[in-house]
Amino acid sequence: MGISLSLTKWFTFLSKPTSIAPLGVFRVIFGLMMCGSAIRFWSKGWIDSFFLQPPHFFHYYGFSWIKPMGEIGMYFVFALLILSSFLVGIGLFYRGASIVYFVLFTYAELIDASYYLNHYYFVSLVAFLMCFLPANKTFSLDVWRRPNIELYKIPTWMIILLKFQLAAVYFFAGIAKLNPDWMFDAMPMSIWLQAKAHWPLLGDLFTQKWVAYSSSWVACFFDLTIVIFLSISRFRPFAYFILVVFHVLTGMMFPIGMFPWIMILSTLIFFPPHFHEKILQAIRSLLPVNSTRLLGHNSLILSPLKNKISGFIFTVFILIQLFLPLRYLLYPGNIFWTEQGYRFSWRVMLMEKAGTAFFYVTDPKTGQKGEVDNSQFLTLTQEKMMASQPDFILQYAHIIKEVVQSRGLENPIINAEVYVTLNGSRSKLLFDPSLNLLDIEDGFKNKNWLYPR
């Protein structure tokens with residue numbers, strides 16, 4: 001009875017009406033920001049270097065069937081990404097545009113795991129959520145075309161869902177920093193700051209150990225508490241100011257692309273509805289459209305059954321997002337060394353890891369052994385990523401196998417001598433060099449073939 005009553009209260013809270021304005025502002029920001037991001041990706045020549053030049057790709061487990069479409073196909077994909085994200089931003093043909101954007105962005109993201117970034121994953125999740133949210137039913141060209149669809153109120157869970165997704169990024173990034181290297185050795189912060197010693201004025205400070213320790217602890221405290229302060233009206237303005245300063249500084253110091261700007265603009269959703277209504281009002285006043293109506297006066301009312309279904313889906317989504325970052329607890333060993341459960345867990349800039357990998361192919365019939373020239377198979381970025389990530393090492397062994405078999409060598413034996421350094425530690429072997437990597441299967445099982453750190 002108690003559980004049933006609690007669930008009823010939970011679903012009632014989630015279905016409580018709230019202003020649609022924050023969702024409308026979020027849609028405009030997200031769509032236009034993603035449009036600019038896709039244009040930036042194209043202009044830097046990354047379509048060619050990421051998807052067309054590499055002869056081979058590293059896949060996420062279970063997604064080896066996802067391949068690039070070729071030159072015309074990939075440029076067409078990004079043309080559609082630019083168009084669909086722009087349509088999302090202006091709210092035109094929104095439902096179809098949001099689905100197209102989610103599918104194509106996630107497709108491009110899954111082609112090569114070498115380029116995994118937390119904010120790519122974040123964009124995919126938000127794009128997925130936007131496919132189901134009525135974000136076009138205020139301040140959109142869809143409303144201009146069909147005024148009868150305009151809404152003023154939506155269920156609270158639609159806003160909470162986006163807030164939760166942002167909160168997960170910060171909270172789990174903070175939890176991940178609670179490790180000995182980060183907290184007690186100021187690693188890898190010391191390495192990163194010393195690399196900026198050439199900066200004018202601040203360069204000398206970056207070489208001081210206390211600055212590295214302070215930066216490590218402040219970053220951890222920021223990640224763990226920023227959402228709490230953003231959720232309290234009294235602290236919200238100052239907290240947002242600190243958030244902007246934090247992300248601007250990290251954007252200046254580290255090559256993390258769009259991530260700082262995505263977080264700065266997305267976290268505006270933590271501000272109250274009247275803040276977003278003023279934003280929409282200000283933009284409306286600049287548009288050459290005569291309209292005295294500021295917002296719609298209709299509410300999105302779901303039936304009790306739909307409310308419960310939505311609440312259930314909302315709860316399941318949250319549970320999945322809570323489980324994935326914690327799945328590393330199912331594995332023994334150091335997560336930064338084994339990288340089991342590392343991806344999709346919001347471990348944002350937590351380690352400085354590098355490897356050197358030498359691969360050898362042996363003919364079992366003659367015993368003849370030769371070293372592989374990695375540059376013939378991989379790009380520089382792929383080789384760098386492969387040399388310290390166990391699942392990539394296994395995949396690369398199979399890439400080599402396919403190539404040498406196509407040249408007539410049957411049942412090759414492939415070994416690798418891989419040395420890895422983590423957070424400034426002395427380089428050490430990742431696993432036994434005598435292992436035939438083709439005998440090891442990749443998957444979700446514990447990688448017990450790795451040496452402990």
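**Close-up 1. Packing of helix 4 against helix 5 in the predicted model.** Helix 4 (residues 71–90) and helix 5 (residues 94–111) pack with their axes 8 Å apart and at an angle of about 140°. Axes are lines fitted to C-alpha atoms, for helices over the stretch in contact, and angles run from 0 to 180 degrees between N-to-C directions. The two helices are therefore oblique to each other; angles under 35 degrees count as roughly parallel, over 145 as roughly antiparallel, 65 to 115 as roughly perpendicular and the rest as oblique. Helix 4 passes helix 5 in a left-handed crossing, a crossing being left-handed if the near helix is turned anticlockwise from the far one by less than a right angle, and right-handed if clockwise. Helix 4 contributes Met74, Val77, Phe78, Leu80, Leu81, Ser84, Ser85, Leu87 and Val88 to the contact, and helix 5 contributes Tyr94, Ala97, Ser98, Val100, Tyr101, Leu104, Phe105, Tyr107, Ala108 and Ile111. Contact means heavy atoms within 4.5 Å. By class, the contact of helix 4 with helix 5 has 16 nonpolar, three polar and no charged residues; Ala, Val, Leu, Ile, Met, Phe, Trp, Tyr, Cys and Pro count as nonpolar, Asp, Glu, Lys and Arg as charged, and the others, Gly among them, as polar. Helices (H or I, at least four residues) and strands (E, at least two) are DSSP runs, numbered from the N terminus. The model is predicted: local features need pLDDT of at least 70 and side-chain atom pairs count only at pLDDT 80 or more, whereas totals for chains, interfaces and linings use all residues. Residues are numbered from 1 along each chain as its sequence is written, and side-chain values use heavy atoms, with hydrogens and water left out.

**Close-up 2. Thr106 in helix 5.** Thr106 is placed in helix 5. Thr106 counts as buried at 17% relative accessibility, where buried means under 20% relative accessible area, exposed over 50%, and partly exposed in between (1.4 Å probe, protein chains only). A separation of 20 Å lies between the C-alpha atoms of Thr106 and Arg347, which are 241 residues apart along the chain.

Close-up 3. The axes of helix 6 and helix 8 come within 11 Å and cross at roughly 170°. Phe122, Leu125, Val126 and Leu129 of helix 6 meet Leu161, Leu162, Gln165, Leu166 and Val169 of helix 8. This contact has eight nonpolar, one polar and no charged residues. The axes of helix 8 and helix 12 (residues 209–230) come within 7 Å and cross at roughly 145°, and helix 8 passes helix 12 in a left-handed crossing. Here Ala167, Tyr170, Phe171, Ala173, Gly174 and Ile175 of helix 8 meet Cys220, Phe222, Asp223, Leu224, Ile226 and Val227 of helix 12. The contact of helix 8 with helix 12 has ten nonpolar, one polar and one charged residues.

**Close-up 4. The mostly covered helix 14.** In helix 14 (residues 259–266), six of the eight residues are buried. They are Phe259, Pro260, Ile262, Met263, Ile264 and Ser266. These buried residues pack against helix 2 (21–43), helix 6 (118–130), helix 8 (157–176) and helix 13 (236–253).

Close-up 5. Two strands pair if DSSP finds at least two bridges between them. Strand 3 and strand 5 (residues 413–422) pair in the antiparallel sense over ten bridges. Ala354 stands opposite Thr421 in strand 5, and Tyr360 stands opposite Asn415 in strand 5.

**Close-up 6. The hairpin of strand 5 and strand 6.** Strand 5 and strand 6 (residues 428–429) run antiparallel and are joined by two bridges. Tyr419 has Leu429 in strand 6 as its bridge partner. Five residues lie between the strands of this hairpin, in which Asn423 takes a positive phi near 50°.

**Close-up 7. The surroundings of Thr362.** Thr362 lies in strand 3 (residues 353–362) and is buried, with a relative accessible area of 13%. Not counting residues up to four places away in sequence, Thr362 touches Gly367, Gln368, Lys369, Pro412, Ile413 and Asn415.
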